[in-house]
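Please find below a colleague's note on the model, arranged as numbered points.

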Amino acid sequence: MVVGLILAATAGAAISLQTVFNNKVNEKTGSWTTTTLALGMGFVFALVASIMAGEFSRIQLGQIDLWYWFAGVTGVGVVFCLVQAMKRLGPTVTISIVMTAQLSTALIWDSFGWMGIEKIPFSMTKLAGILMIIAGVLVFKMRSKEKADLMEVENKKRMLG
């Protein structure tokens, strides 16, 4: 379990870091070029790692249901949406909303046991946890807006005085 926690935390940090990197690339290129670069580099790295680990097998790939191959299309949507959201919301709010959406989606998938995953019963405590995260994002965003409003007032005072 400890290894799973460490891996999940690492993935979460990596997603945040990747979002910042992608935003910086997007500032110089554009959303589609950023998406191409991020997923293209990821493909090359994963292919080399898969071959080096001895896991790459065309036979195994041929046994995968065709619709699972569309996970890559989902990845394109993820990178593109993150880049666009980051430009509009900043990193903290973007990642907070992504995390909330991931938890909400996972709760639904768990509750119904879709795609053969183990069905985990829905509970009000799980829903309450997600609602608390949403409330936290809203409080965080409100606090940020208050600071921005105060800075704007101070800037106007300096300009007038």
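**Notes on the predicted model**

1. The protein chain carries 14 positive and 9 negative side chains, and the centres of the two sets are 8 Å apart. Lys and Arg count as positive and Asp and Glu as negative, with His and the chain ends not counted; each charge is placed at NZ of Lys, CZ of Arg, CG of Asp or CD of Glu.

2. This is a predicted model, in which local features need pLDDT of at least 70 and side-chain atom pairs count only at pLDDT 80 or more, while totals for chains, interfaces and linings use all residues. Residues are numbered from 1 along each chain as its sequence is written, and side-chain values use heavy atoms, with hydrogens and water left out.

3. The protein chain has 6 helices and 0 strands (DSSP runs: helices H or I of at least four residues, strands E of at least two). Its radius of gyration is 20 Å, well over the 15 Å from the globule rule for 161 residues, so the chain is more spread out than a compact globule (C-alpha atoms; the rule is 2.2 Å times the number of residues to the power 0.38).

4. The structure holds 4 aromatic pairs (Phe, Tyr and six-membered Trp rings with centres within 6.5 Å; planes under 30 degrees apart are stacked, over 60 edge-to-face, the rest tilted). Trp-109 and Trp-114 have ring centres 5.2 Å apart and planes at 85°, so this pair is edge-to-face. Phe-112 and Trp-114 are stacked, with centres 4.9 Å apart and planes at 15°.
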